[in-house]
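Subject: Handing over the structure

Hi there,

Here is the structure I promised to pass on to you. Please open it alongside this email, and I will walk you through what turned up.

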Amino acid sequence: MDKVFIQGLSIQTTIGFYPWEKEIKQTLVIDLMMGWNTALAAENDELAKTLDYAEISEKVAEFANNNSVDLIETLAERLANYLMSSYHIPWLKLTIGKPGAVHNAITVGVEIERGKQ
Ligand SMILES: Nc1nc2c(c(=O)[nH]1)N=C([C@H](O)[C@@H](O)CO)CN2
């Protein structure tokens, strides 16, 4: 299956289990790989027939800002459901990194894969 992807999308949002984390914004870095038949758009050079990575990048940031949760697992699950149902995406792989969470690690995070290729 063809893919449309977004790599290293950095967003600032409120997320975390501890009370102090509810008072601040932290950086999340998102990688998104989405299954799509890109030949549909290529046939007549039409943006409307593909997944617009610019639009989806904005929606991801908006969704994270409107859904403050404790765990990045919860954000990943809810974001995957939202994107798959809004854009009729048959399969996706979503990685959410929280680079500031563990001071002696480059980053930490989760990766989920949903749907069928
Ligand atoms: N698997 C996870 N572990 C932890 C998470 C998380 O979202 N998933 N979150 C935290 C805290 O919010 C942490 O980021 C604060 O340092 C701890 N572990």
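This is a predicted model: local features need pLDDT of at least 70, side-chain atom pairs count only at pLDDT 80 or more; totals for chains, interfaces and linings use all residues.

Staying with Met-33 for a moment, is it buried, exposed or partly exposed? There are 16 other C-beta atoms within 10 Å of Met-33, so it counts as partly exposed; being buried would take 20 or more, and being exposed 12 or fewer. Leaving aside residues up to four places away in sequence, Met-33 touches Lys-3, Phe-5, Leu-92 and Lys-93. Another residue to look at from here is Trp-91: 58 residues separate Met-33 from Trp-91 in sequence, yet their C-alpha atoms are 8.4 Å apart in space.

The overall picture

The protein contains three helices and four strands, and along the sequence they come in the order β-β-α-α-α-β-β. Its C-alpha trace spans about 50 × 25 × 20 Å along the principal axes. Of the 117 residues, 15% count as buried. If you take the contacts between residues at least 6 apart in sequence, 58% of them join residues at least 24 apart.

The strands

Strand S2 (residues 26-35) has partners in both S1 and S3. With strand S1 (residues 3-13), S2 runs antiparallel, and nine bridges join the two. Within that pairing, Leu-9 stands opposite Ile-30 of S2. Strand S3 (residues 91-97) also runs antiparallel to S2, joined by six bridges. Here Met-34 is the residue that stands opposite Leu-92 of S3.

Helix H3

Next, please look at helix H3, which covers residues 72-87. Which residues of H3 are buried? They are Ile-72, Leu-75, Ala-76, Leu-79 and Leu-83. These residues cover an arc of only 100° around the axis, which means that they lie on the same side of H3. What covers them includes helix H2 (53-66), S3 and strand S4 (109-115). The face turned away from the buried side carries Asn-81 and Ser-85, which are exposed. Just after H3 comes His-88, with a positive phi of about 55°.

The ligand

There is also a ligand to look at. The residues around the ligand are Gly-16, Phe-17, Tyr-18, Glu-21, Leu-71, Ile-72, Glu-73, Lys-98 and Ala-101. Sorted by class, this shell has five nonpolar, one polar and three charged residues.

One more residue

Finally, where is the place of Asp-52? Asp-52 sits in the loop between helix H1 (39-44) and H2. It has 14 C-beta neighbours inside 10 Å, so Asp-52 counts as partly exposed. From Asp-52 to Met-84 there are 32 residues in sequence and 14 Å in space, C-alpha to C-alpha.

Happy exploring, and do write back with any questions.

Best wishes

Methods: Residues are numbered from 1 along each chain as its sequence is written. Two strands pair if DSSP finds at least two bridges between them. The expected span of a helix is 1.5 Å times one less than its number of residues. The arc is that of the directions from the helix axis to the C-beta atoms. Two residues are in contact if their C-beta atoms, placed from the backbone, lie within 7 Å. A residue is near a molecule or strand if its C-beta atom, placed from the backbone, lies within 6 Å of it. Ala, Val, Leu, Ile, Met, Phe, Trp, Tyr, Cys and Pro count as nonpolar, Asp, Glu, Lys and Arg as charged, and the others, Gly among them, as polar.
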